[in-house]
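Please read the following short report alongside the sequence and the structure. Confidence is taken up before the fold and the surface.

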Amino acid sequence: MTLQIDGVDVMNAIEIAAWIGSIVAMLVIGLIVWVMVRPPRRERVRPAEPDGLDAEEMMRLLDRMEQRLEVLERAVAVEAREEDRMLTGGDRPETRRTK
């Protein structure tokens with residue numbers, strides 16, 4: 001039994017080895033990146049729970065935001081009334097003085 005290998009067979013073997021090598025290299029690089037960017041084990045086991053102080057601060061912040069929203073709504077309402085007055089040419093007819 002004789003084995004004959006020519007240049008084409010050698011190039012095909014090199015090409016297949018290059019494909020396999022590049023696939024293995026991509027998998028290894030992906031594994032290295034995944035290991036580098038994953039969170040530490042302590043953080044993965046239990047999520048951080050907000051303590052009472054954080055909840056208090058959040059409630060105070062929400063109250064302040066609601067107060068600011070009320071002020072903003074009043075300012076927009078006043079501005080809308082002034083704009084309406086300017087568009088209609090003054091006060092509404094029922095508020096004008098009659099002679």
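## Confidence

What pLDDT does the chain average, and what share of the residues score at least 70? In this predicted model, the chain averages a pLDDT of 83, and 79% of the residues score at least 70. Confidence is highest in helix 1 (residues 7-37), at a mean of 96, whereas helix 2 (residues 41-45) has the lowest, at 70.

## Fold

The chain contains three helices and zero strands, and reading along the sequence gives the pattern α-α-α.

## Surface

Of the 99 residues of the chain, 0% count as buried. The chain exposes about 10,200 Å², and of this area carbon and sulfur atoms supply 63%.

## A negative patch

Asp 51, Asp 54, Glu 56 and Glu 57 form a negative surface patch. One of these residues, Asp 54, lies in helix 3, which covers residues 52-88.

Asp 54 has a relative accessible area of 42% and is therefore partly exposed, because this value falls between the 20% limit for buried and the 50% limit for exposed residues. The value is also over the 30% that a residue needs to belong to a patch.

How values were computed: Residues are numbered from 1 along each chain as its sequence is written. This is a predicted model: local features need pLDDT of at least 70, side-chain atom pairs count only at pLDDT 80 or more; totals for chains, interfaces and linings use all residues. Side-chain values use heavy atoms; hydrogens and water are left out. Patches are made of residues with over 30% relative accessible area and no salt bridge: like charges are joined within 9 Å, nonpolar side chains (Val, Leu, Ile, Met, Phe, Trp, Tyr) within 5 Å. Accessible areas come from the Shrake-Rupley method with a 1.4 Å probe; for residues, only the protein chains shown count as cover. A salt bridge is a side-chain nitrogen of Lys or Arg within 4 Å of a carboxyl oxygen of Asp or Glu. Lys and Arg count as positive and Asp and Glu as negative; His and the chain ends are not counted. The place of a charge is taken as NZ of Lys, CZ of Arg, CG of Asp or CD of Glu. Helices (H or I, at least four residues) and strands (E, at least two) are DSSP runs, numbered from the N terminus. Buried means under 20% relative accessible area, exposed over 50%, partly exposed in between (1.4 Å probe, protein chains only). pLDDT is the predictor's confidence in each residue, from 0 to 100.
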